[in-house]
Amino acid sequence: MIRIPFPQAPDYPDVEPGFDGPKVAAIHGLMGHDLMRKHLLRMMRETGYRDATMYSHLHPTKAIADDLCEAVGANRRIAIVGYSQGGFEAIKVARELARRDITVDLVVTIAAGGLGRTLPAQWGFNPREMPANVSRCLNFFSVGDRLGSDQKPERNLVQASRSGQYVENIVFPKDEHISHVRLVICYPESRVHPTVRAQLLDRLQTELATLTRQHHVSGSAERASK
């Protein structure tokens, strides 16, 4: 039996008033709702990044941008994490925020390419053009993952669009045999590929921790200037 994907309602977190950590939009791909909920979303929330909302890649781009703008209004950092088709949507949300003159502190794309490019929603769209309003971008892909990476590895590489923009492409070589699904497996620990743990999962937590520290430093500086 083939499951036909349909837009799911966003999985909003229960966040206490005054929470000042980064606001994260986690966007899953085609039929990836349960996979992201059980793994990446759970990991982020359990490690302290409680204000992480999961969206479908079919959720309206402007609606995701609206949610992120609420955090910007509270002087909080924002991040977008997109997996598979969600990686394409992450770039589209960043573009929408660029039109609103909003800075995106971090964009993480995971396995956004391959056969995913063939869907009509991605025709004429280049996910390798990072919008200039993005401060930092991490782009992960596994060579040999036909669902999420292009056959020519160089076609998976994201390029910076302005001076000072940080863009890093993290490539999992073919001999690691890291599949589309194994890129985001977080539980149980025995199922986590050690290279994915070291280069993707731990790195994601480090980047989010940096956003938290930056917020606290800027908040302290603002209070000191008053």
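## Contacts and overall form

Of the contacts in the protein between residues at least 6 apart in sequence, 78% join residues at least 24 apart. The model behind this value is predicted.

The protein has four helices and six strands. Read from the N terminus, the order of these elements is β-α-β-α-β-α-β-β-β-α. The radius of gyration is 17 Å, close to the 17 Å that the globule rule gives for 226 residues, so the protein is as compact as a globular protein of that length. Along the principal axes, the C-alpha trace spans about 55 × 40 × 35 Å.

## Burial, surface and charge

Buried residues account for 51% of the 226 residues. The protein exposes about 10900 Å², and carbon and sulfur atoms supply 54% of that area.

## Aromatic pairs

Two aromatic pairs are counted in the protein. Tyrosine 12 and tyrosine 55 form an edge-to-face pair, with 6.3 Å centre to centre and 85 degrees between the planes. This pair links distant parts of the chain: tyrosine 12 lies in the segment before strand S1 (23-28), tyrosine 55 lies in strand S2 (residues 52-56), and the two are 43 residues apart. Tyrosine 12 is partly exposed, with a relative accessible area of 46%, whereas tyrosine 55 counts as buried at 1% relative accessibility.

Phenylalanine 140 and phenylalanine 172 form a stacked pair, with 6.4 Å centre to centre and 20 degrees between the planes. Here too distant parts of the chain are linked: phenylalanine 140 belongs to strand S5 (residues 134-142) and phenylalanine 172 to strand S6 (residues 166-172), 32 residues apart. Phenylalanine 140 is buried because its relative accessibility is 1%, under the 20% cut-off. Phenylalanine 172 is buried as well, at 0% relative accessibility.

Glycine 29 sits in the loop between S1 and helix H1 (33-46). At 2% relative accessibility, glycine 29 is buried. Beyond its neighbours within four places in sequence, glycine 29 is in contact with His57, Tyr83, Ser84, Gln85 and Gly86. The C-alpha atoms of glycine 29 and glycine 82 are separated by 7.8 Å, and these two residues are 53 residues apart along the chain.

Serine 84, one of the contacts of glycine 29, is placed in the loop between strand S3 (78-83) and helix H3 (85-99). Serine 84 has a positive phi of about 60 degrees although it is not a glycine. Its relative accessible area is 13%, so serine 84 is buried.

The peptide bond from tyrosine 187 to proline 188 is cis, with omega near -15 degrees.

Key. Residues are numbered from 1 along each chain as its sequence is written. This is a predicted model: local features need pLDDT of at least 70, side-chain atom pairs count only at pLDDT 80 or more; totals for chains, interfaces and linings use all residues. Side-chain values use heavy atoms; hydrogens and water are left out. The radius of gyration is taken over C-alpha atoms; the globule rule is 2.2 Å times the number of residues to the power 0.38. Buried means under 20% relative accessible area, exposed over 50%, partly exposed in between (1.4 Å probe, protein chains only). Contact means heavy atoms within 4.5 Å. Accessible areas come from the Shrake-Rupley method with a 1.4 Å probe; for residues, only the protein chains shown count as cover. Rings of Phe, Tyr and Trp (its six-membered ring) pair if their centres lie within 6.5 Å; planes under 30 degrees apart count as stacked, over 60 as edge-to-face and the rest as tilted.
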